[in-house]
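I opened this notebook to record, entry by entry, what I looked up in the structure shown below.

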Amino acid sequence: MRISTNTLYQNGLNRLSQLQVEQDRLMQQISSKKRILTPADDPVGAARALELQNAQRVNTQFERNRMFAENGMNAIESNLQSVTDLLIAAKARLTEAGNASYDDTQRSYIAIDLKNDLEALVGLANAQDGSGNYLYAGYSTDTVPYTLTAAGATYNGDNQVRQLQVSNTRQLPVADNGPNVFQANGNDIFAALAAITDLLQTPVASDADAQALQDGLTAASDALQGTLDNVLTVRARNGSALKEITALNSDGDSRELQYAKSLSELQDLDYAKALSDLAKQQTVLEAAQKAFVATTSLSLFNLI
Amino acid sequence: MSNIFNIGKTALNAAQVGISVTGHNIANANTEGYSRQVIVQSTNQAQNWGFGYLGNGTQVDTVKRIYNDLLSRQISNSQSIASSINTQLSNINQINDMLADSEAGLSPAIQDFFDSINDLSSAPNDAASRQAMLSNAEALVSRFNSLGTRLQEMQSSVNSQLTASVNTVNHYAKEIARLNEAIDLATTSTGQPPNDLLDQRDQLVLALNKEIKGTVVVQDGNKYNISIGNGIPLVNGLTAYSLTTVNSPTNPGKLEVAYQVGSTVSILSEQSLQGGVIGGLIEYRRESLDKAQNTLGQIAVALAQSFNTQHQQGLTNNNVQGGNFFNIPSPQVNASSRNTGNADISSSITDANLLTASDYRLRYDGSNYIVTRLSDNTVQTFGSLPQTIDGVSFTLAGGAMNTGDEFLIRPTANAATDLSVAVKQIADIAAGAPVIATSAASGNTGSGAISGATVSNGYASAPLASPFTLSYNSGDLSGFPAGEAITVTTSAGVTTTYPAGSTVPYSAGATISVAGISFSLSGAPADGDQFTIAANTSNAAGDNRNALQLAALQTAKTMLSGTASYQDTFNQLVSYIGNRTRELQVTGAAEDALLAQSITAQQSESGVNLDEEAVNLIRYQQAYQAAGKVMQIASTLFETVLSIR
């Protein structure tokens, strides 16, 4: 077969530029650490990578939501711990007040203690989280939930429960409302404490008075116990929600690992292979260059 | 003796011509489109001397170019296909690169936006988180805008490339016609082929095929007639016709290729424009660019519409129901410039969930309105308007269509560039819900509790006029609003619908939906316990119910009839463009290889080989020397005769 001199040069050029394109591609892959440079390199892989990145971002956002939820729940837990301590202490005072050997003065001291407890309890019920939102005002997070009155405390919030999306399918309460905690099951701890404070300050002059005191102490004690039970229930619920958050966090972490691993498998470059390809390419390019020079330098004109 | 001189002279002459032609070959070894030339030699007429015929030397019959018509045609064909694919490839690469950019792509902007809504649900009353959501919405919209603008620039680029290519075609057509004339003249006047002119013309045909596929028919043995498409003449003998570009009658932003005869301009169908740069541009525009533009717009519309719908179900800081969060651009409606009627067609998007990425053509045939979905040419015929197809409405807003009148409706083409944020004040973000469910403040003796109420999409148009109170009595709930059916889904997932006015058996944890409002009751209510559901007139600072539902839209299947999320649709676009680019890369490489093969085959026949020419040079040089020797000997013989005295 006959070959034209032009073809000789053109083919040499084509081959060399082809090799250079391949080399450039390897360089780009190596410098970006990516196997897929554009969607055309692997259309399915590129779309899958986008999907994974999206899932990863959503997962990260839920993790952030859970952090906020956890903060709220921890604030409630430590607050209710104080509430529990306070209620137990108040209950001991009530038992003490029932001591038959106490006289009016001694009872009035206890009344002062219980009055303090009432005020402290209202203070705890008006607790705020780190961002200044009230824990027990329902959605009305900027409204002081309880105002102290002569007969106890009035509730100013609403009876909703604020929730956050903590996973794809799960919303968890991150705050509560006052009535759910302090006024549940027909008990009103504030009214009960106010009533018993009044009663303890009333001198016992007759048997009827003594009976009234006894009845009042029993009612207050029942209300206190009822509230204590309820607070413990709320704490248990809160605790199990916290536990769920922990479980969801570890699930989120393992998802994150899985996504990162899949993404890496999908789009990261195999360095060992890329570098060995590069070395191979270089050898081929060098050989092609030498061959080109060798073939084109032969000419009959050199000899005539 | 003079005979020997003559023979020597013819030989000398032939060798000289041979050296000339060889020199010409060497000189043009690198000239594009040059076919090597050889001399055709034959013996002169011999003379009968009685003892036999005595030769009279040699003559050069012609100088011929080594040219293979079939190989030339193969190269032209290959060239036209390869250049079509390479044009598409270089253009689609821009979209491919744009989508590959993970920083500037659409995904991060969508993700940032929804992240900010999630943050808003954590702190719905926080000015910073509200501002962050608004800023991220602006960032998302500007990302849509900039991607849309880049695609629009690519449309303009297609237009200018088409214009340039059409001008080139016209130039080539004129040159070929001029060469037809010159070749005809040269051939008829001398009877010899003007080889270099023929090469030039073949080279022009090849260059023309780079721009558009042209078919050559040889007329009268030496004139090329060239036609494009289905026999549309471009060059006819000595006449060249011209192409031009005109605005599409139904889409002013789009140039189409037209055929011009005198002052008559007729638009060529896309099917008749195959191959070359022009064919490539048109295919790229139809298959890739329009689709990318429409799909991006489709995502913009779907995101804006589903978001608006949910936003309207919420309550703002100003205690009113949420408004539109985004401004959704209307479909682009263009009347054909050839319409004779005065119809005014309006179009709007009624349901983004059903939307496709296609454009639609509306035609009136005198009695029926014919709507064609252009992506797959699905035709629907209607006796009257308005009609709604694929979530897009077609309405005759005024006037009337005449027979043959046409409109092009592009529902999503401009959506990405024209999308904007409607909400300007952070107080206008509707994070709360417009209803509130409460247990009776005092008096409920059971442990029944009512959840926070949420509303469905229909609520905004028919909000709760007055509160209703549910009462629990011996296992039943009563007091549902009049005229509204009640749907109960138990915690086990069993759904029962009760007619309006029914009492409903209580089931702890079941979700109850009535009048567009959903809530659930749990615990054990006591007889006489009451729960009230009322319109929310005061947005509480911590009410995040609507924010939670807005955030859920990120992964909700709100597109393609409920089968895809925004992100899914975008991923599909990335995959489509990626696949198409890959396909073009592969077929482009194959066509390039085929073209290179054809060129090698043609060059092996017609190309100059310098070693071969060196051999020829020596051959003719020696022939020349030998011829000289013949003449020298003749001269010596003559001298010999003269010296006899």
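**Entry 1: chain A as a whole**

I counted seven helices and four strands in chain A. Here helices (H or I, at least four residues) and strands (E, at least two) are DSSP runs, numbered from the N terminus. Read from the N terminus on, the elements of chain A follow the order α-α-α-β-β-β-β-α-α-α-α. I then looked up the radius of gyration: chain A has 39 Å, well over the 19 Å that the globule rule gives for 304 residues, so chain A is more spread out than a compact globule. The radius is taken over C-alpha atoms, and the rule is 2.2 Å times the number of residues to the power 0.38. The C-alpha trace of chain A spans about 145 × 30 × 25 Å along its principal axes.

I noted that this is a predicted model, in which local features need pLDDT of at least 70 and side-chain atom pairs count only at pLDDT 80 or more, while totals for chains, interfaces and linings use all residues. Residues are numbered from 1 along each chain as its sequence is written, and chains are lettered from A and ligands numbered from 1 in the order in which they are written.

Of the 304 residues in chain A, 34% are buried. A residue is buried if 20 or more other C-beta atoms lie within 10 Å of its own, exposed if 12 or fewer, and partly exposed in between, with C-beta atoms placed from the backbone. I also looked up contacts (C-beta atoms, placed from the backbone, within 7 Å). Among those in chain A with a separation of 6 or more, 69% join residues 24 or more positions apart.

**Entry 2: chain B as a whole**

For chain B I found 10 helices and 32 strands. The C-alpha trace of chain B spans about 165 × 50 × 40 Å along its principal axes. Buried residues make up 42% of the 645 residues in chain B.

**Entry 3: where the chains touch**

**Entry 4: nonpolar cores**

I next looked up the nonpolar cores, which are sets of buried Ala, Val, Leu, Ile, Met, Phe, Trp, Tyr and Cys residues joined through C-beta atoms within 7 Å. The largest has 134 residues, and B:Ile176, B:Ala300, B:Val301, B:Val435 and B:Ile517 have the most contacts inside it. Helix H4 (residues 127–190) of chain B gives the most to this core, with 17 residues. A second, separate core of 50 residues includes A:Ala111, A:Tyr134, A:Tyr155 and A:Ala223.

H4(B) has 64 residues and reaches 93 Å from its first C-alpha to its last, close to the 94 Å expected at 1.5 Å a residue. The expected span is 1.5 Å times one less than the number of residues. After H4(B) comes B:Gly191, with a positive phi near 75°.

Helix H1 (residues 2–27) of chain B has 26 residues and reaches 37 Å, close to the expected 38 Å. Its buried residues include B:Ile7, B:Leu12 and B:Val21. I found the buried residues of H1(B) packed against strand E1 (37–43), strand E4 (58–65) and helix H10 (610–642) of chain B.

**Entry 5: a sheet in chain B**

Five strands of chain B form an open antiparallel sheet in the order E22-E32-E25-E26-E29. Strands pair if DSSP finds at least two bridges between them. Strand E22 (435–439) and strand E29 (504–505) are the edges, each pairing on one side only.

**Entry 6: backbone details**

A:Lys33 has a positive phi of about 60° although it is not a glycine. A:Lys33 lies in the loop between H1 and H2 of chain A, and counts as exposed with 12 C-beta neighbours inside 10 Å. A cis peptide bond, with omega about 0°, joins B:Leu385 and B:Pro386.

Definitions and conventions: Two residues are in contact if their C-beta atoms, placed from the backbone, lie within 7 Å.
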